[in-house]
Amino acid sequence: MSQPRARLQQARITPAAVLARFGFYAALLILIAVSAAVSPAFLTLQNWINILQQTSTIGIMAIGETLVILAGGIDVSVGSILGLGGMIVLGTLSGLAVGLINGVLITWLGIDPFITTLAMLSVIRGVVYIVSNQYNVNIADNSDFLVLGRGHLGVIPISVLIFAALFVLA
C-alpha cells in the first residue's frame, strides 16, 4: 500500500473517534436542551448566575488542584480543608496554614505528596469533627463571613467574581 493511502486510512474519521473527541459537548448540549424543555426558567439569566454561584467553590478548588497536578503533585485533602475553613473564624487563613504544613512536609521532609495529603485529610476531618461536635455550625445572618458566599456586587455573586479572577490569573 502506498504511503499517502495509508495516511488517509489512518486519518479517516470514525463515529467512535468523533464521539471520543466531542461526546462530552454533545452530552452537555443534550442536557441543556432537555433542561430547557422541562423548565422554562432554566435558560434565564438568574438561573445561570445561580448555577455559577453554586459551582464557584468547586471551581476555585479545581483551579488550585489543577496547578498542583501541573506541578507534578497531588492534593487529596482539599475537601477537608474546605470543611475546616467553614468551621472556624479564620477560615481562609486555616487553609493557607494547612497548605503550608503540607508543603513543608512534602518539600523539606521529602514525604510523598499523596501520603502527606491523605494523612492531612484524616487529621483535618478529625479536627472538623471535634470543633463541630459532629453538628452543623450556624453562622449569624449578619456575619461578614457570609459575604464571600452570599454577597453580591450588582447582580453578580462575589464568589463568582473570585472564581473568574482566579480563572483569569491561572
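This is a predicted model: local features need pLDDT of at least 70, side-chain atom pairs count only at pLDDT 80 or more; totals for chains, interfaces and linings use all residues.
Residues are numbered from 1 along each chain as its sequence is written. Local features need pLDDT of at least 70, side-chain atom pairs count only at pLDDT 80 or more, totals for chains, interfaces and linings use all residues, and side-chain values use heavy atoms, without hydrogens and water.

User: At roughly what angle do the axes of helix 4 and helix 5 cross?
Analyst: Helices are DSSP runs (H or I, at least four residues), numbered from the N terminus. Axes are lines fitted to C-alpha atoms over the stretch in contact, with angles from 0 to 180 degrees between N-to-C directions. Helix 4 (residues 78–87) and helix 5 (residues 91–107) have axes that come within 7 Å and cross at roughly 145 degrees.

User: Which residues of helix 5 meet helix 4?
Analyst: Contact means heavy atoms within 4.5 Å. Helix 4 contributes I81, L84 and G85. Their partners in helix 5 are G91, S94, G95, V98 and N102.

User: Why do the buried residues of helix 4 line one face?
Analyst: Buried means under 20% relative accessible area (1.4 Å probe, protein chains only). In helix 4 the buried residues are S80, I81, L84, G85 and M87. They line one face because, seen down the helix axis, they fall within an arc (of the directions from the axis to the C-beta atoms) of 160 degrees.

User: Which side chain makes a 3.5 Å polar contact with the side chain of S77?
Analyst: S77 sits in the loop between helix 3 (45–70) and helix 4. S77 is buried, at 0% relative accessible area. A polar contact is a pair of N or O atoms within 3.5 Å; within protein, one must be able to donate a hydrogen and the other to accept it, and residues adjacent in sequence count only if both atoms are side-chain atoms. The 3.5 Å partner of S77 is N102.

Methods. Helices (H or I, at least four residues) and strands (E, at least two) are DSSP runs, numbered from the N terminus. Buried means under 20% relative accessible area, exposed over 50%, partly exposed in between (1.4 Å probe, protein chains only).
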